[in-house]
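Please read the short report below alongside the sequence and the 3D view. It covers the overall fold and then a few residues.

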Amino acid sequence: MNDANKKQFWGMLNVAMELTNKPPLTKEAILTWWNLLSKYEYSVVENAVSKWVDSSSKPPTPHDILGLCRPKDPIYQALPSPVSHEDNKAHADKLALYIHERLKPKTDYKQWAKRILRNPKNFPENSVTAAREVLGEHYDTQP
C-alpha cells in the first residue's frame with residue numbers, strides 16, 4: 001500500500017470494527033495496523049478484511065488479517081532473481097558433485113542369480129531355473 005491508501009485503509013478498518021460492534025480505532029492503533037500491513041497491496045488487504053468480516057463476528061486483529069494476506073500456495077511465492085549462466089552452471093556442477101558423493105553406486109540387480117548359479121546344488125530347482133533364465137544359458141558358473 002502507499003500513502004494514498006491511508007484514508008481508505010483507516011475507513012475500511014473502522015467499518016470492520018463497527019460491523020463487529022467495536023469502537024473505532026485510535027490513530028495509534030491504525031498506525032500499528034498500517035506498519036504491519038503496508039507491504040501488501042491495498043486490494044489484498046481489502047480482500048482479507050472482507051473475508052474476515054464475512055466469516056467472523058469477532059473484530060479482526062492484525063495477526064488475523066496478516067494470515068489472510070499471505071499467499072497460501074507456494075506457486076504464488078516470489079520467484080528468485082534471475083541468475084547468470086555462469087552461476088547456473090556453478091550450481092549445476094555443485095549439484096552433480098553432491099549427487100556423486102552421496103548417492104550409492106548402482107547395484108548389480110542380477111547378483112542373486114549369479115550367486116545361485118555359482119553353487120546350484122544349495123538352491124531349489126525352480127531358483128536355479130529362474131537364475132538361468134535371467135542370465136541366459138551362456139553364463140559361466142565359475143566365480
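## Fold and selected residues

Of the 143 residues in the protein chain, 21% count as buried, where buried means under 20% relative accessible area, exposed over 50%, and partly exposed in between (1.4 Å probe, protein chains only). This is a predicted model, in which local features need pLDDT of at least 70, side-chain atom pairs count only at pLDDT 80 or more, and totals for chains, interfaces and linings use all residues. Residues are numbered from 1 along each chain as its sequence is written, and side-chain values use heavy atoms, with hydrogens and water left out.

The protein chain has 7 helices and 0 strands; helices (H or I, at least four residues) and strands (E, at least two) are DSSP runs, numbered from the N terminus.

| Residue | Relative accessibility | Class |
|---|---|---|
| Thr20 | 8% | buried |
| Gly67 | 25% | partly exposed |
| Lys39 | 64% | exposed |

Thr20 is found in the loop between helix 1 (6–19) and helix 2. Its side chain reaches the backbone oxygen of Met17 at 3.1 Å.

Gly67 belongs to helix 4 (residues 62–69).

Lys39 sits in the loop between helix 2 (27–37) and helix 3 (42–55). On the surface, Lys39, Lys51, Arg70 and Lys72 gather in a patch of positive charge. Patches are made of residues with over 30% relative accessible area and no salt bridge, with like charges joined within 9 Å. A salt bridge is a side-chain nitrogen of Lys or Arg within 4 Å of a carboxyl oxygen of Asp or Glu.

Definitions and conventions
Patches are made of residues with over 30% relative accessible area and no salt bridge: like charges are joined within 9 Å, nonpolar side chains (Val, Leu, Ile, Met, Phe, Trp, Tyr) within 5 Å. Accessible areas come from the Shrake-Rupley method with a 1.4 Å probe; for residues, only the protein chains shown count as cover. Lys and Arg count as positive and Asp and Glu as negative; His and the chain ends are not counted. The place of a charge is taken as NZ of Lys, CZ of Arg, CG of Asp or CD of Glu. A polar contact is a pair of N or O atoms within 3.5 Å; within protein, one must be able to donate a hydrogen and the other to accept it, and residues adjacent in sequence count only if both atoms are side-chain atoms.
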